[in-house]
Amino acid sequence: MSLAIESVLISESVDPSCESILSQNGISTTTKVGLTAEQLKSEIQNYHGLIVRSATKVTSDIIAAGKNLKIIGRAGVGVDNIDCDAATKHGVLVINAPGGNTLSAAELTCCMITSLSRSIPEACATLKNGKWDRKRFMANELNGKTLAIIGLGRIGREVAFRMQAFGMKTIGFDPLVPAEESIKFGVETIELSEIWPLADYITVHTPLIPQTKNMLNKETFAKCRKGVKVVNCARGGIIDEDALFDALESGQCGGAGLDVYLEEPPKNTKLIQHPKVICTPHLGASTHEAQSRVAVEISEQMVALNQGQSAHGIVNSPAFSLSMSSANRDGVVLSKTVGHLIASLFTNTESGITVSVNVHGTDLHRKEIMFSTAVLIGMLQQRKKAANFVNAPTLAKDLGFTVEKVSTGPPKGHNLSVEVVASSANQKHSALVTLKGSNDPVLCAIDGHSFKVHPLLAGHLILLKSSLSSALTLYGSLIEKGVIDNASWSSCIDGKSWSVLNSNKPADLANIGHPVDFYAQISL
């Protein structure tokens with residue numbers, strides 16, 4: 001399964017390697033720099049993909065206008081300029097280039113730390129103004145000082161390596177990096193609430209999310225050592241700018257190195273003009289090497305997705321990369337199929353369905369989200385919703401479809417099997433499917449009724465619950481009309497049996513004229 005990307009719009013200046021890689025792999029590109037929002041809305045409908053840096057604001061209106069849009073690529077790390085929620089709702093994949101500017105951002109951070117330690121910019125400016133003032137700039141070494149790194153991803157780790165070479169003790173916090181992992185690269189993990197009074201220098205390397213907004217604020221500055229120095233080369237808004245200014249004025253903060261701001265260009269001029277602030281205009285990724293790397297990284301990911309391979313920079317769909325792996329194809333197909341089937345059983349229920357998914361097979365570790373999302377896709381598609389691995393969780397939430405749990409276990413006599421148990425306010429159903437022959441999905445059981453001959457789940461299906469005699473009569477009638485190819489019957493319980501009729505086209509069952517307890521049609 002590929003994303004089928006044929007055309008990409010590049011709306012900002014990116015390294016030429018981006019366009020070259022896409023073109024060499026059969027994806028046509030158009031570069032139009034400086035488009036207004038209205039111009040972009042008009043233009044985007046002609047493309048499957050969009051590549052931006054940080055200047056283009058990809059709003060919900062622009063995403064909605066992209067009738068053919070499948071993917072948005074950010075040639076860089078942060079996606080603050082992309083409405084990821086809107087992209088997810090419309091089934092548009094968002095990817096970034098998380099590794100391309102790692103070294104450049106880490107180096108700038110280290111430059112900030114060393115410059116703060118020796119007041120280099122201020123000393124330079126003083127000398128250029130004709131003053132020889134050595135005493136004023138008496139400073140302290142970095143050796144033996146403690147650096148707190150908030151965010152221990154790629155950039156945070158590279159900063160740690162470099163500043164350890166200066167003899168700094170590195171401590172840090174990242175909720176996603178366990179202590180036994182951080183110690184491998186020389187960082188002692190300490191709880192965030194305890195880290196503030198231990199640090200001589202603090203640098204932040206996190207995304208701007210609700211949990212990190214104004215993380216350094218009036219209260220946290222008060223907990224810090226007097227004279228602490230802070231660096232932000234990550235995202236504006238992680239440090240409360242007003243609180244930082246007050247801390248600089250009082251001496252609680254001894255200096256700040258800022259490359260990013262709450263508003264860019266910054267309007268808080270009193271902060272950037274403060275003598276204890278070293279400021280640069282968002283230069284973290286502004287090296288020739290970084291721009292080349294992010295261009296290559298984003299274009300190679302688009303090519304990979306177009307060729308049915310996975311990508312490492314997916315932002316808004318944790319299940320998508322798993323679904324692109326050929327090793328997971330059978331699991332995806334089975335889960336979507338059983339999703340279709342289970343939704344068809346709730347004919348009078350449009351919302352409020354809770355499901356549990358039980359998967360048995362091999363190599364299932366950490367794939368629960370793929371199975372649950374694929375089941376939701378099948379359920380939503382049965383309800384005529386345009387669902388995919390990006391938007392299925394959002395669409396399902398809107399309809400009240402909920403995956404309560406996903407359990408996995410070893411094979412139960414089959415190579416791979418997926419069972420779904422679903423319930424609404426007044427109904428409960430289950431379905432079990434597995435693979436047969438050339439890895440085709442077949443039905444094993446519905447609501448505990450087992451099929452001796454497992455019907456193939458492909459094409460147009462008619463699902464019936466009735467007495468066996470009624471099913472046979474209807475079967476004969478539909479054969480006469482040239483609708484049915486073959487049929488399968490389940491075991492008979494209490495005089496009732498489930499039947500699956502394979503048809504060569506959708507059938508008109510509005511007036512079937514035969515007594516049945518239940519019928520539904522599925523197209524797979």
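**View 1. Elements around the second largest pocket.** Helices (H or I, at least four residues) and strands (E, at least two) are DSSP runs, numbered from the N terminus. The model shown is predicted.

**View 2. Centre and lining of the second largest pocket.** The space in this pocket is about 490 Å³. Its lining comprises 28 residues. Closest to the centre are Leu-116, Ser-117, Ser-119, Lys-229 and Gly-254. Sorted by class, the lining holds 12 nonpolar, nine charged and seven polar residues.

**View 3. Cysteines without disulfides.** The disulfide count is zero. A disulfide is taken as a pair of cysteine sulfur atoms within 2.5 Å. For Cys-111, the closest cysteine sulfur belongs to Cys-110 and lies 7.1 Å away, so the gap is too far for a bond. Cys-279 is in no disulfide either; its nearest cysteine sulfur, in Cys-233, is 12 Å away.

**View 4. The annotated domain, residues 8-316.** An unreviewed UniProt entry places the feature "domain: D-isomer specific 2-hydroxyacid dehydrogenase catalytic" here. Over residues 8-316, the chain is 37% helix and 16% strand. The end C-alpha atoms of this stretch are 19 Å apart.

Conventions. Residues are numbered from 1 along each chain as its sequence is written. This is a predicted model: local features need pLDDT of at least 70, side-chain atom pairs count only at pLDDT 80 or more; totals for chains, interfaces and linings use all residues. Side-chain values use heavy atoms; hydrogens and water are left out. On a 1 Å grid over the protein atoms alone, a cavity is a set of points where a 1.4 Å probe fits but cannot get out, and a pocket is an open set with protein on both sides within 12 Å along at least five of seven lines; lining residues have an atom within 4 Å of a point. Grid points are joined across faces, edges and corners, and a volume is the space filled by probe spheres set on the points. Ala, Val, Leu, Ile, Met, Phe, Trp, Tyr, Cys and Pro count as nonpolar, Asp, Glu, Lys and Arg as charged, and the others, Gly among them, as polar. UniProt positions are given in the numbering used here, feature names are shortened, and annotations may be inferred rather than shown by experiment.
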